[in-house]
Amino acid sequence: MSFAITAYNTIFKRNSVYVGSVFAAAFAFGIGFDSGVTAFWDSWNRGRQWKDIRHKYVQDEE
Amino acid sequence: MASFQAVKKSINLAPTVRALPSGVPAAPLLNLAVRAPAEQHGHGHGSSGPRADVPPSWAGGVSKSPFGLFTKTYTTAPSPRVFQQRLLHTSAVVKDAPEVPDFSHYRAPNTDNNRALSYFMVGTMGVLSASVAKSSVSEFLQTMAASADVLALAKVEVDLTTIPEGKNVIIKWRGKPVFIRHRTQSEIDEARSANWKTFRDPEPDEARAKKPEWLVMLGVCTHLGCVPIGEAGDYGGWFCPCHGSHYDISGRARKGPAPLNLEVPAHDFNDAEGKLVIG
Amino acid sequence: MLSRLPSGALKQAASATRLSSPSVVSSSRYASVRFASSRASSSSNAFESLMNSRLTLASATLFTAGTVAWYAHLYGTLPFIGEAHASHLSDEGLHPVAYPWPHNGFFDSFDHASIRRGYQVYREVCAACHSLDRIAWRNLVGVSHTADEARVMAEEVEYQDGPNDDGEMFQRPGKLADYMPAPYPNEEAARAGNAGALPPDLSLIVKARHGGADYIFSLLTGYVDPPAGVEVREGMNYNPYFPGGALSMARVLFDGLVEYDDGTPATTSQMAKDVVTFLNWAAEPEHDERKKTGIKAVILFSTLFVLSVYTKRFKWGPIKNRKIQYNPPADKTGH
């Protein structure tokens, strides 16, 4: 309950803060969501993607 | 009285106005036959509704018309004489104070949580919408970028080991000639020692050549786009035959109409393989 | 309405009102109801005569026949009517089995090791006849080969370029930006080299054939001896999966034909699976990214839908549930 009041007073009360935190959260969410889906994709397709077999064919660079 | 208020209008009737057969003057815009609605409190003047003892005109009957007698009959017309008091009715009893059910059971004891939840849900929708909109816009903008096949052609690799010192090589890159000059030490010294601040387009040689022995420039005269000739001109660099612009050994405009130095394209050296990548 | 009632009902209604109404005038008025009803029934007679007329019958028949003819003209066939075909069911080709490709699922990417092997099969076997002209060397980079490998492979091929400063075309080693070389310079040469049959370009073959990857795999592994009674022309080969049964391409994949550099046994079905995976990638290079984007889109848009329903109810709930109570002002002028 106190959390609800704290959240309201810090974020929701002023519209400028609200909108600003929405955009900031959207930015963070975009990055986090992308990396999350990528992590799932990579674990689901482990061993099938090019980055999983690339080390076999790359000649020692430098 | 409170429910009825007549709108008073004053209209001047023309003296020549036609009178209806009833004697009422035919006045446009003015309904002289209108009557005030019935008053709710009984003064004994009766109701102004349909008379109970006469069948209403819409119930049919015989009427006279210019085309002869005219009969109108409706089967469902009730006899006005058969009048029955409605003793049963379904309308609610009017009370002074309207009854409002007790909603207190449904009311949240504390509205803080609900308020925060509502703001949170709406804000989350805003977050997701903004994220989706940002992705859409950036994806759309990426469609305007050069496609992969164009980008693949946009780079040219040159093997530098085949270019001896003191020689020019001209290659094609994006349809334009590119001069590659393997400069000798004396040429480097000459280019670096020149007082570049007095030039038309002041630029030090260090800013033009990433490696002092390699000079990479677009072979397009900055005046009108001719291709200058190498190892010519008054300054031992390039000379444009079209209008006589002279460039020095660093490709800087020194004489003639050219306003700018020869352009240096973006390029990188691949030291491991001795290659130059333009683009 | 009136005409549907039996006339006796009206009589009863009239007599009932007569009983209850003492006024003679009003009873005679109600008695005229019966005459009014007879007029209404005459209009139903007109409708019946319209329905029974020969003209209506003829025009309805004409309309029906015209509709059927128009449909047949548009679509060539009529529904629910069996047709006789001169062809046999085998002309459509055997329907391929649905194989469990590793990239079948919603979340499954291509097996890139298989793409790499499939490219090897294509290069060593298929490329003798089939072009792949929508795939450039650079497309292999980051998919099945490193940039260095692709560059080396490209440089093995000579490409015509030019014109140079003298206006001459010249040959140069391939670059990453070059497209896969075609085995024949043009269609006529391809037909001449293959007894009149044109080997199709394989860039989009998986998309271009009914059945897709399953069909290609079935075709590559489905060469059998023709059954009794089936005549296969000289130079043609029998394959039940090919529409018509006989095609110019002979069986090309045999066990041990290529040697995989990752040590996978090169059986016929393994090579067929690999080359079909490669061709599927060639037809859909965006496949992996597409599925990944699809996951994101489904998650995001379904969440947004739920949230929008919540928000709609949140915004509309008070509006839809409110009760408006109107207290009329007290009558101060009453007497």
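**Close-up views of a predicted three-chain model**

**View 1. Met236(C) sits in the loop between α10 (212-221) and β3 (237-238) of chain C.** Helices are DSSP runs of H or I with at least four residues, strands are runs of E with at least two, and both are numbered from the N terminus. This is a predicted model, in which local features need pLDDT of at least 70 and side-chain atom pairs count only at pLDDT 80 or more, while totals for chains, interfaces and linings use all residues. Residues are numbered from 1 along each chain as its sequence is written, chains are lettered from A in the order in which they are written, and side-chain values use heavy atoms, without hydrogens and water. Met236(C) has a relative accessible area of 23%, so it counts as partly exposed. Buried means under 20% relative accessible area, exposed means over 50%, and partly exposed lies in between (1.4 Å probe, protein chains only). Leaving out residues up to four places away in sequence, Met236(C) touches Ala246(C), Leu247(C) and Ser248(C). Contact here means heavy atoms within 4.5 Å. The C-alpha atoms of Met236(C) and Ala250(C) are 7.5 Å apart, and 14 residues separate the two along the chain.

**View 2. Helices α5 (residues 112-124) and α11 (residues 268-283) of chain C cross at roughly 100°.** Their axes come within 7 Å. Axes are lines fitted to C-alpha atoms, for helices over the stretch in contact, and angles run from 0 to 180 degrees between N-to-C directions. α5(C) and α11(C) are therefore roughly perpendicular to each other. That label covers 65 to 115 degrees; under 35 is roughly parallel, over 145 roughly antiparallel, and the rest oblique. On the α5(C) side, the contact residues include Ile115(C), Tyr119(C) and Tyr122(C). On the α11(C) side, they include Met271(C), Phe278(C) and Trp281(C). The residues of this contact between α5(C) and α11(C) divide into 8 nonpolar, 4 polar and 3 charged. Ala, Val, Leu, Ile, Met, Phe, Trp, Tyr, Cys and Pro count as nonpolar, Asp, Glu, Lys and Arg as charged, and the others, Gly among them, as polar.

**View 3. Gln49(A) lies in the loop between α2 (15-44) and α3 (50-57) of chain A.** Gln49(A) counts as buried because its relative accessibility is 9%. Its side chain makes a polar contact with the side chain of Trp41(A), at 3.1 Å. A polar contact is a pair of N or O atoms within 3.5 Å; within protein, one must be able to donate a hydrogen and the other to accept it, and residues adjacent in sequence count only if both atoms are side-chain atoms. Beyond four places in sequence, Gln49(A) is in contact with Trp41(A), Asp42(A), Ser109(C) and His112(C). Chain A has 3 helices and 0 strands.

**View 4. Ser131(B) lies in helix α1 (residues 111-143) of chain B.** Ser131(B) is buried, with a relative accessible area of 6%. It touches Ala26(A), Phe29(A) and Gly30(A), not counting residues up to four places away in sequence. Chain B has 4 helices and 12 strands. Buried residues make up 26% of its 279 residues.

**View 5. Ala195(C) lies in the loop between α8 (187-193) and α9 (205-208) of chain C.** Ala195(C) has a positive phi of about 55°, although it is not a glycine. Most residues other than glycine have a negative phi. Ala195(C) is exposed, with a relative accessible area of 80%.
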